[in-house]
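Look at the structure first, then read the points below.

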Amino acid sequence: MNYSQVTSCICIPKAILLQPKTNWTSSKPGNERRAGHWTHVPRNVNMEGLRSGYLFPEISIREHEHIQKNPNARLIRLGIGDTTQPIPDIITTAMAEHADALSTTRGYRGYGAEQGNMELRMAIAETLYRGTGVKGNEIFVSDGAQCDISRLQMLLGSNVKVAVQDPSFPAYIDTSVIVGQSGKLEDKTGKYSDIVYMNCGAENNFFPDLSTTPRTDIIFFCSPNNPTGSAASWQQLEQLVDFAKRNGSIIVYDSAYAAYISDESPRSIFEIPGAKEVAIEISSFSKFAGFTGVRLGWTVVPEELKYSNGFPVIEDFNRIVCTCFNGASNIVQAGGLACLSRDGYQAVCNVVDYYKENAKILVEAFASLGLKVYGGKNAPYVWVHFPGMSSWNVFNEILEKTHVVTVPGRGFGPGGEEYIRVSAFSHRENMMEASLRMKKLFR
């Protein structure tokens, strides 16, 4: 089993993953289960509110169990969204040259700016935000979008009300639980009591009905969406920005898959007039340039964005970054600059096109079986509907009978039930083989 797939989502040692699950009991007299020394430090009550396991490590555990039972099977992993194509050599060469220079007196560099190399910040603004008014000093370079979600939650604190798309990427909800925004998990609905879940299903074109959505302080919104693969239109994002303005809310906009957009959908929330007054945007080189293991991302905090007392949000986020982060690796930032050069940008776009073709193959395969298929056009994910079926049961059946790993939609929230997410991040021969196996199973 490739345990890097587990630790890329959450740090859990291999030995712990393979241990049997333990039901911890309280420390009340007569109800104790002690093993060794216990401190007197109480557990963070917010951690106790999390679901039993994060989605992707749970999938990796089931994958490992399947391999143990079927050691001779050729497993095809279309679950965790981890890129598989090599990083173009124009980019790895830039990183190698920078690393080599560190062994010289002239080329050595130590700490850089916590906010990132200004040359890279300017390149991001000029290449990816041209015409939006985003400036280099509003861009904070990081070690990835998922890390920035946690930093933003630290910035926002526990006394805010949040809304999320349903289904949505699990990190938005889990970080909300950890910082104390969520309330209690309701067993009947599978939702946290203090989080507003905005239904984004096929019946409403994967965009929430804002006329029935209550006001919240923070709106987490991902487009193109993970897991559904749907990209919000210009008109829809105008509605979202207007909704945030009327309610005095802040949108945390995740554009990690913007490079996969193939139609006229906006690639940034800042393409919408007025968005700089109500939005923060997080993004990443991970799925755009194959940096899932290299780690490089960024967050845009506009100067125009203010708290209710008029204080600029950018100043607080800068303090968070300076307090909690020593800056992204200078070697990796050299790779980021190479990605945004003329030739480097074309090279990474070619890799994105490869994954888009993979997604097209998946869409055609599932559609040929008469299934409702969404996504795949503006994102590297395909969202497949199995009416009336448990998504975990579908996941298990596909794994057991085809040796293909997918992701159960229920792992992305109650709105993901009856769906599975299938990733296009694999080699072409795996796409073709997985399509054949699916056709054989469901035809």
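The second largest cavity in this predicted model is lined by Q165, N205, F206, F207, F221, C222, N225, S230, A231, A232 and Q236. About 30 Å³ of space lies inside this cavity. In total, two cavities of 30 Å³ or more are counted.

**Background**
- Rolling a probe the size of a water molecule over the atoms shows where empty space is left.

**The second largest cavity**
- Six residues of its lining are nonpolar and five are polar.
- No charged residue takes part in the lining of the second largest cavity.
- Among the lining residues are the phenylalanines F206, F207 and F221, as well as the asparagines N205 and N225.

**The largest cavity: volume and lining**
- The volume of the largest cavity is about 70 Å³.
- Its lining is made up of 14 residues.
- F288, A289, G290, V351 and Y355 are the lining residues that lie nearest the centre of the largest cavity.
- Sorted by class, 10 of the lining residues of the largest cavity are nonpolar, three are polar and one is charged.

**The largest cavity: elements and domains**
- Two or more residues of the lining come from each of α10 (286-289) and α13 (342-367).
- The largest share comes from α13, which gives four residues to the lining of the largest cavity.
- Domain 2 (57-85 + 345-442) and domain 3 (89-343) each supply at least three residues to the lining of the largest cavity.

Definitions and conventions: Residues numbered from 1 in each chain as written. Predicted model: local features only at pLDDT ≥ 70, side-chain atom pairs only at ≥ 80, totals over all residues. Heavy atoms only, no water. 1 Å grid on protein atoms, 1.4 Å probe; cavity = no way out; pocket = protein on both sides within 12 Å on 5 of 7 lines; lining within 4 Å. Points joined across faces, edges and corners; volume = space filled by probe spheres on them. Nonpolar A, V, L, I, M, F, W, Y, C, P; charged D, E, K, R; others polar. Domains from an automatic or database assignment.
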